[in-house]
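I opened my notebook to look up one chain. My plan was to go from the overall layout to a few details.

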Amino acid sequence: MTTQALQVHDRLCLEREHFQHLFASLQARGFQVVGPTLREHAIVYDTLTSVDDLPVGYTDEQDGGSYRLKKRRDRALFGYNVGPHSWKQFLHPPLTRLWQAERKDGGFQIIPERQQPEKLALFGVRSCELHAIAIQDRVFTHAHYKDPIYASRRENVCIIAVNCGQAGGTCFCVSMQTGPEATGGFDLALTEVLDEARHFFVIEVGTDLGATILQDVPCRAASEDDLRLAGAVVANAAAQMGRSMDTSDIKGLLYRNLDHPRWENVASRCLTCGNCTMVCPTCFCTTVEDTTDLAGTQAERWRRWDSCFTMDFSYIAGGSIRASSKSRYRQWMTHKLASWIDQFGTSGCVGCGRCITWCPVGIDITEEVRAIRKSESAQGREG
Amino acid sequence: MQSLAPILANHPFFKGFEPRYMQLITGCASNVRFPAGSYIFREGEPASTFYIIRRGKVALEAVAAQQGSRVIQTIEDGDVLGWSWLFPPYRWHFNARTIEETRAIALDGVCLREKGEADHDFGYELVKRVALIMMERLQATRLQALDIYNVPSTEAGV
Amino acid sequence: MSTLLSDPMLPRPYQVQRVRHEIPGTFTMELEPQDGSAIPPFASGQFNMLYVFGVGEIPISISGDPDRPAPLVHTTRAVGTVSSAIQALKPGNTIGVRGPFGSHWPIEQAIGKDVVIVAGGIGLAPLRSTVYQLIARRAQYGKIALLYGARTPSDILYRHELERWRAHLDLDVYITVDHGDTSWRGSVGVVTQLIRRAAFDPRNTLAMVCGPEIMMRFTASELEKHGAPVEQIYVSMERNMKCAVGLCGHCQYGPHFVCKDGPVFQYSRVQHLLVKAEI
């Protein structure tokens, strides 16, 4: 137990045997902890009650269109990367009611929905995911309209970040400048150090809330040695990056090449299944569904996640604007990497690699950009 | 006719024509007037004149047996009417019927055509301008054919 | 309830006063707020999201006079589930209204200039609001020309109003149809052909164009050919909309959200997108 008050940027050391205290401290403060856990052969994000719910000793092997869990030789708590879930399901719920309506006096009355979000502790947030949350913060709270559903959930969330110790098979956060080290947007950030001799965590305090949480957790100031070992862990992850995306003038590149033959090439592979949009931590598109009961006296409007890959997405009287799979893939990729910059000031991509892993045919967004860029420089500027 | 010279010279169709050619053109020009509901020319008739509409409205029509005459397009103030005088078999392909009283300048197409054969510079300038009219008409006709205002209704759409 | 007044996501109940059949498949609806709480004032070119209880919601341009916001007027076609359900509403029925949303026709920029309005088909509906405002402040503008194209004479929207506007000595109205009928004595041909008939100084004109995308594209191009700068031409785009506040993502058009960056766009901003298929 530290005796002096903790400050933002302080770095502490927590031994593995005391890790459960972190859970206890969060739970004691009314946070429901959600984080990585094993389910149906994948590591997903769900409710955690204790350390034992973490995928201890597991790692994932990812590649285009492929995800497998493997047992590690050690008992690392965070020895894997990101799975099919992202944290957006907690902040931007997949299905939520917007309002109810009741028939009344020949007309109807709207009953607005009151937001009553739970206090959640997002436990094990990777650096790319911190950036994704910041990106969605901009979309939902700093743009034209502030979404009360997102805003109320966001206010009630505490973020425990984890620095990656290895690069995932499809990761490219280094080239997107979103990791592997968490540099902000967290209440606490953990780096797991595990070797033959020791198993401990270096914890960086990110906010006053983070400092408060650590008060009940037995940790001491991190030593030079602790910090050196933690630094090596992160450096190791950075060095392992298997993929990269060259983002120089990417907006111009994609805007110039809306008619590039590469889009036809992708279209011949893309199934428009929409997996990429479901697993992408920044995709935010939704649709609404208006329902009514059988008697026709009660109606509801629900909002649910949608994907620009559906035929309905761009439908107006007469037909869909984006009927071909080519146009829908182009829309997704150009929005993610180019238009997003005009709309929200940053890229929409954080280099987490999920879209590559979960694409059934292994379409690789970094490869698509590379192909367009390469052919452009080979032929000279396209008109 | 002296009074027609400035009118012709200022018309967009003749813009850029050298003054010496404009003299010849003016020499081939005359003022004409058609009452409402009359035929300026009919399909199949020999085509030897072209018209610059000064004021009025002319319907280009085709006769479809059971449906009577169908208007394809209207030619109005400032428009050029007719180019069949320039190409064999030098016959009109449609009817041109006035909807309103129409005043126009009629130009002797045979005269202009023969001048064009003799003086290719003049011929090129003439054909270039006629080609532009044809291109614009074709573009407009294509848009008309696309039926752009027709939106099919569907069961599933909103 | 203050939430109802300020939250653009909650429909306000309005009562149908009148439904008027216009041309085949098109109708105009007049609405009054049910509990006295009306939507904020609107500008010409903006739209509302209209909700039929338990059925669905669609974006519809406002086609009434912004200076006379009651009753609230919309003209639309019955082409799908929701619009057909709206058409089936009777006086006294309730309809939900969210709005107004979107950018407006920049008529304030037209002061001291000539104005050319080019409408095609149902595109005349959002522009009618503009015509009302121009007429009410006629002295502020130079020459005003309204060019309207419809499919056939029986598809001419607001025909009586067009005739009335034509009777104004200081407003030029030209109407053309793609296909005439036996009694039609007006122009036959595409609306772009009317541009050269209108009297306007292209360098000092504000042009507003609304209709099917292909019509707007050719019209804007024709106006540009006549010397109108692309910054002085405005078009109105239409895309699928679910939220109308820039969050559902459906209305994206290049980097633009048609619900908040549009529907009215400066032609120079979207010129390169208009020629791209499936964008």
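Which pattern does chain B follow when read along the sequence? I read α-α-β-β-β-β-β-β-β-β-α-α. Helices (H or I, at least four residues) and strands (E, at least two) are DSSP runs, numbered from the N terminus.

Ground rules first. This is a predicted model, where local features need pLDDT of at least 70 and side-chain atom pairs count only at pLDDT 80 or more, while totals for chains, interfaces and linings use all residues. Residues are numbered from 1 along each chain as its sequence is written, and chains are lettered from A and ligands numbered from 1 in the order in which they are written.

**Entry: overall.** I noted four helices and eight strands in chain B. The C-alpha trace of chain B spans about 65 × 30 × 30 Å along its principal axes.

**Entry: K15(B).** I found K15(B) in the loop between α1 (4-10) and α2 (19-27) of chain B. Is K15(B) buried or exposed? K15(B) is exposed because 9 other C-beta atoms lie within 10 Å. The cut-offs are 20 or more for buried, 12 or fewer for exposed, and partly exposed in between, with C-beta atoms placed from the backbone.

**Entry: a sheet.** I looked up an open sheet of four strands in chain B, with the order β2-β7-β4-β5 and antiparallel pairing. Strands β2 (39-41) and β5 (68-76) of chain B stand at the edges, each with a single partner strand, so one side of each has no neighbour in the sheet. Two strands pair if DSSP finds at least two bridges between them. Strand β4 (residues 57-64) of chain B pairs with β5(B) over eight bridges, in the antiparallel sense. I also noted that A64(B) has G68(B) in β5(B) as its bridge partner.
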